[in-house]
Amino acid sequence: MRDIKVLRTAFGILGNVFGVLLFMAPMITFKRIISKRSTEQFSNIPYVITLLNCLLSVWYSLPFVSPDNLLVTIVNSIGAGLEATYVLIFLIFAPKKEKAKICGYLFVVFSIVSCVALVSLLAFHGNKRKLLCGFAFTISCIMMYGSPLSVMRRVIKSKSVEYMPFFLSLAVFICSLSWFIFALLGKDPFILVPNAIGTLLGAVQLILYAIYRDNEARKMK
């Protein structure tokens with residue numbers, strides 16, 4: 001029992017390390033956006049959805065909702081701060097129409113988080129509170145891991161990985177795999193299910209990168 005707890009903590013720490021790397025991976029993209037003062041064809045949706053997931057993850061992992069998930073709280077608090085920064089950069093450099101859309105998305109994000117937090121505090125207690133917050137967290141996590149699907153479709157159509165950074169795909173795979181094992185050891189289905197999906201999608205992204213990276217190298221020449 002103790003060995004399982006130690007192993008779970010080890011994978012939680014590993015998940016934290018690669019989780020932070022995952023949240024930091026888009027910095028290369030945003031350096032390009034800032035230098036060109038344009039969001040080009042980059043989509044803001046993955047960052048808005050990831051912000052939603054981070055906020056719901058933090059709420060789910062708080063002691064009065066789901067005990068023994070401090071590591072989840074730490075990594076997603078860092079993630080929420082970074083994702084909020086990315087969305088702010090989009091707001092600064094996106095075209096006017098795009099800015100209006102982003103503001104609409106943010107309104108939806110904060111409305112969802114506020115509703116989940118208030119309902120779970122005022123209407124539910126104990127296991128029912130954990131179930132409500134767990135389902136909300138799981139759905140948002142699946143949406144986060146599924147958000148690159150549009151980018152993957154673009155990669156297949158254009159046969160180019162320009163808008164699918166390698167380190168982001170790698171971080172998705174390793175991070176989701178670490179949290180999948182963490183959840184498996186802790187028997188937490190709310191963390192396990194979305195990270196199983198994340199591991200699969202991360203692997204698919206890496207396969208696509210391996211297939212089309214040579215096309216990108218030829219373009220650069």
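1. Lys36 has a relative accessible area of 49% and therefore counts as partly exposed; in this classification, buried means under 20% relative accessible area, exposed over 50%, and partly exposed in between, with a 1.4 Å probe and protein chains only. The structure is a predicted model, in which local features need pLDDT of at least 70 and side-chain atom pairs count only at pLDDT 80 or more, while totals for chains, interfaces and linings use all residues. Residues are numbered from 1 along each chain as its sequence is written, and side-chain values use heavy atoms, with hydrogens and water left out.

2. Salt bridges. Two salt bridges are present in the structure, the term being used for a side-chain nitrogen of Lys or Arg within 4 Å of a carboxyl oxygen of Asp or Glu. Lys36 is bridged to Glu40, with the closest N and O atoms 3.8 Å apart. Arg32 also forms a salt bridge with Glu40, and here the closest N and O atoms are 2.7 Å apart. Arg32 is partly exposed at 22% relative accessibility, and Glu40 is partly exposed at 30%.

3. Positive phi values. Two residues other than glycine deserve a check of the backbone. Arg37 has a positive phi, near 55 degrees, and lies in the loop between helix 2 (27-36) and helix 3 (45-61); helices (H or I, at least four residues) and strands (E, at least two) are DSSP runs numbered from the N terminus. The relative accessible area of Arg37 is 61%, so the residue is exposed. Lys187 likewise is not a glycine and has a positive phi of about 55 degrees. Its place is the loop between helix 8 (166-186) and helix 9 (189-220), and Lys187 is exposed at 73% relative accessibility.

4. Annotated spans. The unreviewed UniProt entry carries the annotation "transmembrane region" for residues 6-30, 42-62, 74-93, 105-125, 131-151, 163-185 and 191-212. UniProt positions are given in the numbering used here, feature names are shortened, and annotations may be inferred rather than shown by experiment. In the model, residues 74-93 are 100% helix and 0% strand, with the end C-alpha atoms 30 Å apart. Residues 131-151 are 90% helix and 0% strand, and their end C-alpha atoms are separated by 32 Å.

5. Aromatic pairs. The structure contains eleven aromatic pairs. Rings of Phe, Tyr and Trp (its six-membered ring) pair if their centres lie within 6.5 Å; planes under 30 degrees apart count as stacked, over 60 as edge-to-face and the rest as tilted. One of the pairs joins Tyr47 and Tyr86 edge-to-face, at 5.9 Å centre to centre and with 70 degrees between the planes. This pair links distant parts of the chain, since Tyr47 is in helix 3 and Tyr86 in helix 4 (residues 70-93), 39 residues apart. Tyr47 is buried at 10% relative accessibility, and Tyr86 is buried at 3%. For Trp59 and Phe64 the ring centres are 5.4 Å apart and the planes stand at 80 degrees, so this pair is edge-to-face. Trp59 counts as buried at 19% relative accessibility, whereas Phe64 counts as partly exposed at 41%.

6. Cluster and charge over a ring. Phe30, Tyr47, Tyr86 and Phe90 make up one aromatic cluster. Elsewhere, the charged end of Arg8 sits over the ring of Phe182, 3.9 Å from the ring centre; this term requires NZ of Lys or CZ of Arg within 6 Å of the ring centre and within 35 degrees of the ring normal.

7. Nonpolar surface patch. Phe64, Leu118, Leu121 and Leu122 form a nonpolar surface patch of about 410 Å². Patches are made of residues with over 30% relative accessible area and no salt bridge; like charges are joined within 9 Å, and nonpolar side chains (Val, Leu, Ile, Met, Phe, Trp, Tyr) within 5 Å. Accessible areas come from the Shrake-Rupley method with a 1.4 Å probe, and for residues only the protein chains shown count as cover. Leu118 belongs to helix 5 (residues 96-122).

8. Ser35 and Asn195. Ser35 is placed in helix 2 and is exposed, with a relative accessible area of 58%. Ser35 and Asn195 are 160 residues apart along the chain, and their C-alpha atoms are separated by 34 Å.
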